[in-house]
Amino acid sequence: MEEKKLRRYLHPLLPLAPHRALSRGREVVLFCSNNYLGLTHHPRVIAAAISALRVLEEDPEPQARLKANISRLAEGLKALGLPASGETPIFPVVLGSEGRALKVASLLFAKGFYVPAIRPPTVPPGTARLRVSVNALHTPYEIDSFLKALAETLKEV
């Protein structure tokens, strides 16, 4: 990770104001989330994060499965004529109207797939969408079954 410059390095921040901090002797403007309820400095949260990073470094298999699942879902969505970059595990399926997004989400839920509809004001009017997410634990069968259910549902609505 270090060779590819993918490893993140955390630098201590000294608060100066709600939106400014001192990092490595330099004042910076913060464009990131804050320390939620002070928990980011809790010893158990830090220990859990370190443990999770060790697991990721020691066992590349979950990351490989996730990448394979992202590719499988992206290719399947493209085959349905839907844009899918395959860069992240979250795929927006823009359906336009709130009603259509809600209906598709409801029908997919009835078929055993929880896919939330995202509507204004979270997204601009006329761009309501499904938020399709894939993870390392999804099986190829589950992804293919979802794609089949999505294709059928989009034809219905």
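Trainee: What makes A84 count as buried or exposed?

Mentor: First, a caveat: this is a predicted model, where local features need pLDDT of at least 70, side-chain atom pairs count only at pLDDT 80 or more, and totals for chains, interfaces and linings use all residues. Residues are numbered from 1 along each chain as its sequence is written, and side-chain values use heavy atoms, with hydrogens and water left out. Now, buried means under 20% relative accessible area, exposed over 50%, and partly exposed in between, with a 1.4 Å probe and protein chains only. A84 has 11%, so buried is the word.

Trainee: Where is A84, and which residues is A84 in contact with, leaving aside neighbours within four places in sequence?

Mentor: A84 is in the loop between α2 (61-79) and β4 (90-96); helices here are DSSP runs of H or I with at least four residues, strands runs of E with at least two, numbered from the N terminus. With those neighbours left aside, A84 is in contact with A74, L77, K78 and F91, where contact means heavy atoms within 4.5 Å.

Trainee: Why are α3 and α4 called oblique?

Mentor: Helix α3 (residues 98-110) and helix α4 (residues 140-156) pack at about 135°. Under 35 degrees counts as roughly parallel, over 145 as roughly antiparallel, 65 to 115 as roughly perpendicular, and the rest as oblique. The angle for α3 and α4 falls in the rest, so they are oblique.

Trainee: And what makes α2 and α4 roughly parallel?

Mentor: Their axes cross at roughly 20° and come within 10 Å. Axes are lines fitted to C-alpha atoms, for helices over the stretch in contact, and angles run from 0 to 180 degrees between N-to-C directions. That crossing angle makes α2 roughly parallel to α4.

Trainee: Which residues of α2 and α4 meet?

Mentor: From α2 you have N69, R72, L73, G76 and L77; from α4, P140, I143, D144, F146, L147 and L150.

Trainee: What makes something a nonpolar core, and which members touch the most others in the largest one?

Mentor: A nonpolar core is a set of buried Ala, Val, Leu, Ile, Met, Phe, Trp, Tyr and Cys residues joined through side-chain atoms within 4.5 Å. The largest has 26 residues, and L73, L77, F91, L108, L130, F146 and L150 touch the most other members. Helix α4 gives the most to this core, with 6 residues.
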